[in-house]
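Dear colleague,

Please find below the structure that I am handing over to you, with its sequence. My notes on it follow directly after.

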Amino acid sequence: MKYLVQVFLTFGIFFTPVFYSPSLLGKPAASIVMLNPLAPLLEGMHMAVVRGHNLLVPLVGPGSLGGPAVVLWEPWHLAYSAAWAFGGLLLSLLLFRRLSYLFAEYV
């Protein structure tokens, strides 16, 4: 399991908009990239800090190579990330409660 997590984290950097902007990928790929729960957080931070954009207002940018316009930001992106975080918290709490009897009490 340790090695699988390491591989997923290594390749996970390419599925978040750290090295590129989602608008460079085109409309369908930008939507897929924004499904990653970390992508809206990183893109929102970039929009707010670097561009000075209000995150409560949607932002539409030009597509790559003169293609159709790409939605760069919508306010529900933050709610999407928050829902994943809350769902992960509830799932981990449930798993912890269910498996806590297996934990060692003394080291």
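Which residues does threonine 16 touch, not counting residues up to four places away in sequence? In this predicted model, the residues in question are Asn36, Leu38 and Leu42. Threonine 16 itself is found in the loop between α1 (2–12) and α2 (27–33). It counts as buried because its relative accessible area is 5%, and buried means under 20%.

The loop between α1 and α2 also holds phenylalanine 19. Is phenylalanine 19 buried or exposed? With a relative accessible area of 63%, phenylalanine 19 is exposed.

Phenylalanine 19 belongs to a nonpolar patch on the surface. The members of this patch are Val7, Phe11, Ile13, Phe14, Phe15, Val18, Phe19, Leu38, Leu41, Leu42 and Leu78. Together they have about 1,100 Å² of accessible area. Helices α1 and α3 (38–51) each supply at least two residues of the patch, and the largest share, 3 residues, comes from α3. Leu38 and Leu42, which are touched by threonine 16, are listed among the patch residues.

I turn next to the aromatic side chains. A pair of aromatic rings is described by the distance of the centres and the angle of the planes. The structure holds 3 aromatic pairs. In one of them, the ring centres of tyrosine 80 and tryptophan 84 are 6.5 Å apart and the planes stand at 75 degrees, so this pair is edge-to-face. Both residues lie in helix α4 (residues 76–99), where they are 4 residues apart, about one turn of the helix. Another pair, formed by phenylalanine 96 and phenylalanine 103, is tilted, with 5.3 Å centre to centre and 45 degrees between the planes. Phenylalanine 96 is partly exposed, with a relative accessible area of 43%, and phenylalanine 103 is likewise partly exposed, at 43%.

Proline 68 is classed as exposed because its relative accessible area is 54%, and exposed means over 50%. How many residues apart along the chain are proline 68 and glycine 26? They are 42 residues apart along the chain, and their C-alpha atoms are separated by 8.0 Å.

With kind regards

Conventions: Residues numbered from 1 in each chain as written. Predicted model: local features only at pLDDT ≥ 70, side-chain atom pairs only at ≥ 80, totals over all residues. Heavy atoms only, no water. Buried < 20%, exposed > 50% of the residue type's maximum accessible area, 1.4 Å probe, protein only. Contact = heavy atoms within 4.5 Å. Patch = residues over 30% accessible without salt bridge, like charges linked within 9 Å, V, L, I, M, F, W, Y side chains within 5 Å. Areas by Shrake-Rupley, 256 points an atom, 1.4 Å probe, with all protein chains shown as cover. Salt bridge = Lys/Arg side-chain N within 4 Å of Asp/Glu carboxyl O. Phe/Tyr/Trp six-rings, centres within 6.5 Å; stacked < 30°, edge-to-face > 60°.
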